[in-house]
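Trainee: I have a model open and want to learn to read it. Where do we begin?

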Amino acid sequence: AVMVVLGDQVGASRKVLIAALVVIAASMLWNTYLGIYHSGVEWKWWQGPTDCSGALENLGTAGNLANTLQKMSVVRCDEAAWRFLGLSLAGYNALISASLAAIAICGVVMERRVAA
């Protein structure tokens, strides 16, 4: 978004600025999807990747089990590390990304109206 503002300041064409807003909107919509997906995994609405939410497998032999467990650090993606007002960071990511996408889309729509 900073590049769009800088582009406007140095006189970039409107087509380039609109294309940049479209790219920002698409990126933020994708990030919104990822935030919703991760929030759904945290709320147990659907299954997440088994690498971070499934059962532990392949712990080695029984003799090395204690060493393996001491070296292992598993960060679970199906448990929120922190919540504020009931939302985890993934939930806030979805809300903020959706807001930024809406702002970029509004910029594109307003430009289309001015150009018409």
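Mentor: We will go through helix packing, salt bridges and the surface.

Mentor: This is a predicted model, so local features need pLDDT of at least 70, side-chain atom pairs count only at pLDDT 80 or more, and totals for chains, interfaces and linings use all residues. Residues are numbered from 1 along each chain as its sequence is written, and side-chain values use heavy atoms, with hydrogens and water left out.

Trainee: At what angle do H2 and H5 pack?

Mentor: Helices are DSSP runs of H or I with at least four residues, numbered from the N terminus. Axes are lines fitted to C-alpha atoms over the stretch in contact, and angles run from 0 to 180 degrees between N-to-C directions. Here H2 and H5 pack at about 155 degrees, with axes 7 Å apart. That makes H2 roughly antiparallel to H5 (angles over 145 degrees count as such).

Trainee: How many salt bridges does the structure hold?

Mentor: Side chains of opposite charge can pair when their charged atoms come close. The cut-off is a side-chain nitrogen of Lys or Arg within 4 Å of a carboxyl oxygen of Asp or Glu. This structure holds 2. One joins Asp-8 and Arg-14, at 3.4 Å from N to O. Arg-14 also forms a salt bridge with Glu-111, with the closest N and O atoms 4.0 Å apart. That pair links distant parts of the chain: Arg-14 lies in helix H2 and Glu-111 in helix H5 (residues 89-115), 97 residues apart.

Trainee: Which residues make the nonpolar surface patch?

Mentor: Ile-36, Trp-43, Trp-45 and Trp-46 make a patch of about 480 Å². Patch members have over 30% relative accessible area and no salt bridge, and nonpolar side chains are joined within 5 Å. Trp-45 sits in the loop between H2 and helix H3 (50-53). Trp-45 is exposed, with a relative accessible area of 60%.

Terms used. Helices (H or I, at least four residues) and strands (E, at least two) are DSSP runs, numbered from the N terminus. Patches are made of residues with over 30% relative accessible area and no salt bridge: like charges are joined within 9 Å, nonpolar side chains (Val, Leu, Ile, Met, Phe, Trp, Tyr) within 5 Å. Accessible areas come from the Shrake-Rupley method with a 1.4 Å probe; for residues, only the protein chains shown count as cover. Buried means under 20% relative accessible area, exposed over 50%, partly exposed in between (1.4 Å probe, protein chains only). Angles under 35 degrees count as roughly parallel, over 145 as roughly antiparallel, 65 to 115 as roughly perpendicular and the rest as oblique.
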